[in-house]
Amino acid sequence: AAESLVEKLLPVLDIADLAVAHGAGEEVKQVWTALLDALEREGLERIDPAGGGFDPTRHEAVAHEPGDGAGEQSVAEVLRAGYAWKGRVLRAAMVKVRG
């Protein structure tokens, strides 16, 4: 039951995340942080792989840019954070991949 509620709250987290990223006031940031902290204490994990390696089980590649030719794929940009609930991916992070 809790997982279902968390899935319904993901769009709320996305809207607050976008608001904070676009310069929303401190009040919005505090509410977003409080909500995320409460959900993380219950088992939510934010998947935000900026700068890390690409993992197709946790990341959804929606854009690509050329790399340095090393063959290793990395996350160039996170377009939307993903979330896992108690170790199970609810929604993969939407990313731009380099390489």
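**Overview. Seven salt bridges to look for.** The structure holds 7 salt bridges, a salt bridge being a side-chain nitrogen of Lys or Arg within 4 Å of a carboxyl oxygen of Asp or Glu. This is a predicted model, where local features need pLDDT of at least 70, side-chain atom pairs count only at pLDDT 80 or more, and totals for chains, interfaces and linings use all residues. Residues are numbered from 1 along each chain as its sequence is written, and side-chain values use heavy atoms, with hydrogens and water left out.

**View A. Glu3 reaches across to Arg88.** The side chains of Glu3 and Arg88 meet here in a salt bridge, 1.8 Å from N to O. Glu3 belongs to helix H1 (residues 2–21) and Arg88 to strand S5 (residues 88–91), so this pair links distant parts of the chain, 85 residues apart. Helices (H or I, at least four residues) and strands (E, at least two) are DSSP runs, numbered from the N terminus. Glu3 is partly exposed, at 24% relative accessible area, and Arg88 is partly exposed as well, at 44%. For these labels, buried means under 20% relative accessible area, exposed means over 50%, and partly exposed is in between (1.4 Å probe, protein chains only).

**View B. Glu45 pairs up with Arg58.** In this salt bridge the side chains of Glu45 and Arg58 come to 2.6 Å, N to O. Glu45 sits in strand S1 (residues 44–47) and Arg58 in the loop between S1 and S2, so the pair ties together parts 13 residues apart in sequence. Both ends count as partly exposed: Glu45 has a relative accessible area of 35%, and Arg58 comes in at 21%.

View C. S2 and S6 (residues 93–98) run parallel, joined by 6 bridges. Look for Glu60, which stands opposite Met94 in S6.

**View D. Glu65 and Arg98 link S2 to S6.** Glu65 forms a salt bridge with Arg98, their closest N and O atoms 2.7 Å apart. Glu65 lies in S2 and Arg98 in S6, so the pair ties together parts 33 residues apart in sequence. Glu65 is buried, at 19% relative accessible area, whereas Arg98 is partly exposed at 34%.

**View E. A three-residue network.** Asp17, Arg46 and Asp48 are linked by salt bridges into a network.

Technical notes. Pairing = 2+ DSSP bridges.
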